[in-house]
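I opened this notebook to keep track of what I looked up, one entry at a time.

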Amino acid sequence: MPPSASSSNPTPMPAVDRIAALPLDFLVIGGGIGGLAVAYVLSKSGHRVRVLEKRDLDVPGGGHRVPPNLSKILRHWVGEEELRKVSTRCVGTPFHHLRTGNLVGYLHWKPAVMAETGGEFLMMHHDDIVRMLYRLATEAGAQIDFHTEVTSIQQGTDRFPNPSVTLANGDVLTADMIIGADGYRSKVREVVLEEEDVAKPGGMTLYTGVVKAEDMLKDPELRPYALSDEWPIWMGPHRSVCGHPVRAKKEFFFHVYSWNGLDGQEQAGEESWEELFPTEKLNLDGHGPKVQRLIRMTPHLIRTRFMTRPGGIDDWVDSTGRIVLLGDAAHPSFPGGSHPAAMAVEDAVVFGSLFSHLRTLDQIPSFTSAYQELRERRCELVKLADIANAQMVAMPDGPLAQARDEDMRRRKDEWDEGTLKAQFEEIAEIFLYDAGDAAEEWWVNWGRFSEIAREQPHVVDFSNFATVTVSEE
């Protein structure tokens, strides 16, 4: 079944600006999208936040699809005008054959349909999202420390419950809580799970590139893509390519998905966004000349290997209740999916909304438990949807691929028929979700009652109970 849209009001509830009665000291390990987003929402609630990032803002990156469930959050945070400066609204997705370039089908992201979700489908560069969140977090009062590597994390004890981290320079920092937003290969996760991370290859390697729009404009066949408001996808056997404009059409980004080593490309690389791979080493057999020229416009690509964890990540909170995982550290996303950034920011909104209600330390366990409960199932289902969509456009030649193509040709302009029907229903549920609503709904239905119970003494009046005699027979 599709991810639950427990808060499916198309007009989203505004983010609650609430100052926590009990502000805490938070250390956030990782200054990517999730880390900066949670730093912002916690700082807005009066908590004291310090982010530790081993790199800085100038790191290689690609593009993100920003679906309505994310765009409505960013719009609320920065305003429509600021968001427009660095984004492009996606109007549709043309599906092409990778070998021939022939158009197979077209999926319209219709404004009327998007309006029902409360947001828009935007296309942005990773760097623009990160800098936007950095500005928000610092203006809200968060401290961001770049070039600050964490080498170890220490749990608190019964006597001294506050956890701490040790930095590469030997400094030790202590806080009330630690949030691990340190990505796929999270150091914090190993502390939370109390075991070494075990990841296995998931059968897909992703290659990410960005080219200048001005270079594409010189090529008559690539020029339309640089100027368009679309997210084109090229479908091939065990290989697909997608791309779209970023930085308000100043650049064009693309992903190449290589599956199971069956496309002539060895499955290799690390589960990270830090490995640069020479473009000349990428096997482009089976790609039409237009796509080949696009890919070769950049000298290097970012190589990211999809990994799975068969045992799953059952716990997002450590045994002391003071160390929490967020984003890819909690639920590693599918590289190249449409929703990793959205899931990380949603995590941040839910976590921050819950902790804006903090009045006593006794509430922390219920808040962290609610955070995982509200987020875990949704993140899992959204990831499965990303994987399924990526596999659909990389089917091997045969009857299934032919049926897919025929359905796309026949239903080019239909939302509610054919193979794409279930997928659209699924993504509609994803788009309708409002993270702030989800957290506030939990608070109204559960959280506030536990708070009332703590504030009121529990006295049992035995005067109304009848005497009960227990037989010894």
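I began with a term: a residue counts as buried when its relative accessible area is under 20%. The model I am reading is a predicted one.

I looked up Cys379 and found 4% relative accessibility, so Cys379 counts as buried. I then looked up Cys242, which has 3% relative accessibility and therefore counts as buried. I also searched for disulfides, and the structure holds 0.

Entry on the whole chain. I noted 473 residues, and buried residues make up 55% of them. For secondary structure I wrote down 14 helices and 19 strands. I took the contacts between residues at least 6 apart in sequence, and 75% of these join residues at least 24 apart. The accessible surface came to about 21,000 Å², with 51% of that area belonging to carbon and sulfur atoms.

Entry on cavities. How many cavities of 30 Å³ or more does the structure hold? I found 4. I followed up the second largest cavity, which holds about 90 Å³ of space. Its lining has 14 residues, and His331, Ser333, Pro340, Met343 and Lys383 are the closest to its centre. By class, I sorted the lining of this cavity into 7 nonpolar, 4 polar and 3 charged residues.

Which helix gives the most to the lining of the second largest cavity? I have α11 down for that, with 4 residues. Both α10, spanning 340-355, and α11, spanning 364-392, supply at least two residues each to the lining of this cavity.

Terms used. Residues numbered from 1 in each chain as written. Predicted model: local features only at pLDDT ≥ 70, side-chain atom pairs only at ≥ 80, totals over all residues. Heavy atoms only, no water. Buried < 20%, exposed > 50% of the residue type's maximum accessible area, 1.4 Å probe, protein only. Contact = heavy atoms within 4.5 Å. Areas by Shrake-Rupley, 256 points an atom, 1.4 Å probe, with all protein chains shown as cover. Disulfide = S-S within 2.5 Å. 1 Å grid on protein atoms, 1.4 Å probe; cavity = no way out; pocket = protein on both sides within 12 Å on 5 of 7 lines; lining within 4 Å. Points joined across faces, edges and corners; volume = space filled by probe spheres on them. Nonpolar A, V, L, I, M, F, W, Y, C, P; charged D, E, K, R; others polar.
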